[in-house]
Amino acid sequence: MSRSRLLSCLWCGREIVDSESGRRRRYCRQSCRQRAYEHRTSLKGTGIPEDAVVLSAQEAADLADRWFAARCAAEDVATAVAEGAEHVELAELSATLVKLAREAERLR
């Protein structure tokens, strides 16, 4: 019986579906693998650990924006629950929250 496991790309955070046989995939695409290599080599000799996540100012701002959007969606769900919203509205708000939370997981 073959099972697949859900992993996240070590560079961009996208989901990777991997099979149980063979070596575990670390990156979703060759371009992510290349960016990770470039990142590691640029840190050599700096004293910064290889596994450190270094974001540009724009990447950090984008990440903060994604987390803000997810927090706002969570507040919308909480408000809808407090106001006794219908199941359909709660389902839509929850789906939006899950989508935004998945986007917020991405570092880049």
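A nonpolar core is a set of buried Ala, Val, Leu, Ile, Met, Phe, Trp, Tyr and Cys residues joined through side-chain atoms within 4.5 Å. In this predicted model, the largest such core has 9 residues: L7, C9, W11, C12, I16, Y27, C28, C32 and A36.

Leaving aside neighbours within four places in sequence, A36 is in contact with W11 and Y27. Helix 1 spans residues 30-43, and its 14 residues reach 20 Å from first C-alpha to last, close to the 20 Å expected at 1.5 Å a residue. Within helix 1, the buried residues are C32, A36, H39 and L43. Seen down the helix axis, they fall within an arc of 60 degrees, so they line one face of helix 1. Just after helix 1, G45 takes a positive phi of about 80 degrees.

Now for the charged side chains. The whole structure holds 4 salt bridges, among them these:

| Pair | N to O distance |
|---|---|
| R102 and E15 | 3.9 Å |
| R71 and E75 | 2.6 Å |
| E103 and K99 | 3.3 Å |

What does the R102 and E15 pair tie together? R102 lies in helix 3 and E15 in strand 2, so the pair links parts that are 87 residues apart in sequence. R71 and E75 both sit in helix 2, 4 residues apart, about one turn of the helix. E103 and K99 are likewise 4 residues apart, both in helix 3.

A word on confidence: the protein chain averages a pLDDT of 87. Confidence is lowest in strand 1, at a mean of 70, and highest in helix 2, at 95.

Technical notes
Residues are numbered from 1 along each chain as its sequence is written. Side-chain values use heavy atoms; hydrogens and water are left out. Helices (H or I, at least four residues) and strands (E, at least two) are DSSP runs, numbered from the N terminus. The expected span of a helix is 1.5 Å times one less than its number of residues. Buried means under 20% relative accessible area, exposed over 50%, partly exposed in between (1.4 Å probe, protein chains only). The arc is that of the directions from the helix axis to the C-beta atoms. Contact means heavy atoms within 4.5 Å. pLDDT is the predictor's confidence in each residue, from 0 to 100.
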